[in-house]
Amino acid sequence: MPASARSETMSLTLGNAALAVPVAGAGAFHALADLLLSHARIVPASAGERNLGRLLSAASCPRLRRLRLEHIAGLAALRLRATAALEELRLDHVRDMSLLELDAPGLRALHVAGCYKMASDDAAVAISAPRLETLACADVCRPDRLRFDGAATVRRLDKIFLWSHGRPGVYSNAGAVWLLQHCAAANSLGVRISPPMDLKAKNWKDTEEMMSPVPHLPNITSLTIDAQWQHLEASIAKLIAKCSRLERLSIDISRPWDPCSNPHCFCHREAGWDEQMISLEHLREGKITGLRPSDDHLSFVRRVIASSPALERMTVELYIGKELDCGSIPCNRGRWAPCVGGQSSTRVCSKAYEWTPGNKVTEGQLVVYPEKRSLQPLLFCSKTSRVLLRKRSNQDL
């Protein structure tokens with residue numbers, strides 16, 4: 001590594017080369033504030049592994065504010081005694097890491113993703129971050145091997161992974177449930193829900209529902225769900241029912257499959273899910289993408305609207321190539337109308353529809369949604385005979 005006490009920003013992408021980390025003296029990177037180290041290999045339990053933690057410590061990098069380690073192979077243990085200046089740490093695809101010891105008194109944001117061994121039985125984590133505000137963590141170790149000083153200050157949880165179903169003793173949500181319980185002051189939550197996809201021939205006979213242990217989340221006002229299966233209505237309903245103060249809800253069905261024909265699939269054992277009570281008294285805005293016009297999906301949309309007396313807008317974007325008859329989602333409190341949809345990963349514009357409550361549009365007013373994105377919607381007021389521009393938010397666009 002280029003030792004320079006004057007460098008403020010350093011980005012090293014090494015093409016998966018073997019990395020021998022040098023011994024860094026005190027103040028070796030005195031001015032360094034932003035460091036990215038990516039695509040490198042480190043020999044486990046080597047001097048390079050030990051020297052990396054020392055190099056990134058407060059003694060060598062006293063002004064480091066942002067640190068990113070991405071696609072690092074071989075790094076099994078990271079021990080970091082960071083300076084109080086460190087505010088953001090990202091560990092992305094440090095795939096062999098099973099031990100993390102982090103002492104970061106000034107850390108505000110911690111992102112951990114693609115660190116798969118962190119969820120193994122022998123993984124261990126000790127974090128001291130008393131000022132932490134944002135925690136994005138997809139891989140969590142067992143609660144009995146997790147020490148976390150700073151959970152009480154977290155306000156935003158993201159990338160939390162939950163199994164919707166699984167075999168007892170094989171799949172567990174224990175680590176994620178621990179975070180949800182101890183980060184009780186968080187008001188924003190992002191969750192990915194998925195069933196196990198590696199069961200041979202999709203034999204679901206021995207699987208059980210795994211969402212019940214999720215605690216009640218009375219402080220969550222914004223919830224984002226990435227549903228990795230199209231038959232997760234019951235799991236989604238159970239999760240949002242635990243958020244009694246929810247104001248904004250976004251659901252993305254990111255991996256829609258063909259209609260399930262396996263008689264042993266869990267989706268055939270979730271009968272009655274649409275009769276469970278959901279109270280969404282504070283929900284004002286909802287959005288669902290990847291929707292299919294199936295009975296289960298439409299029933300879920302109807303149920304959310306019926307459970308949300310304060311709802312101001314619900315937008316649905318259909319899976320590519322699907323269309324929707326607005327009359328198939330009856331609701332006597334409002335109306336559906338086509339609107340401009342978003343774009344999928346294949347850059348194909350999907351059909352989108354928006355629900356608004358009937359009492360929000362008074363007699364003599366008409367909301368016009370244009371076909372072209374460059375135009376703005378018009379609000380016609382018959383009493384004054386004027387045409388007014390209605391401001392649109394980013395989510396409208």
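1. In this predicted model, the lining of the largest pocket is made up of 16 nonpolar, ten polar and eight charged residues. The volume of this pocket is about 880 Å³, and of the 34 residues that line it, Ala119, Ala138, Asp139, Phe161 and Trp163 are the closest to its centre.

2. Among the elements that supply at least two residues each are helix H2 (174-182) and strand E13 (188-194), while strand E11 (156-163) gives the most, with four residues.

3. The largest cavity holds about 120 Å³ of space, and of its 14 lining residues the closest to the centre are Val125, Ile127, Cys137, Asp139 and Leu146. Strands E7 (109-113), E8 (124-128), E9 (134-137) and E10 (146-149) each give two or more residues to this lining, which divides into 13 nonpolar, no polar and one charged.

4. The second largest cavity has about 80 Å³ of space, and its lining includes Trp229, Glu233, His297 and Phe300. Two or more residues of that lining come from each of helix H3 (233-240), strand E16, strand E17 (285-291) and helix H4 (295-306). By class, the lining of the second largest cavity has nine nonpolar, two polar and one charged residues.

Key: Residues are numbered from 1 along each chain as its sequence is written. This is a predicted model: local features need pLDDT of at least 70, side-chain atom pairs count only at pLDDT 80 or more; totals for chains, interfaces and linings use all residues. Side-chain values use heavy atoms; hydrogens and water are left out. On a 1 Å grid over the protein atoms alone, a cavity is a set of points where a 1.4 Å probe fits but cannot get out, and a pocket is an open set with protein on both sides within 12 Å along at least five of seven lines; lining residues have an atom within 4 Å of a point. Grid points are joined across faces, edges and corners, and a volume is the space filled by probe spheres set on the points. Ala, Val, Leu, Ile, Met, Phe, Trp, Tyr, Cys and Pro count as nonpolar, Asp, Glu, Lys and Arg as charged, and the others, Gly among them, as polar.
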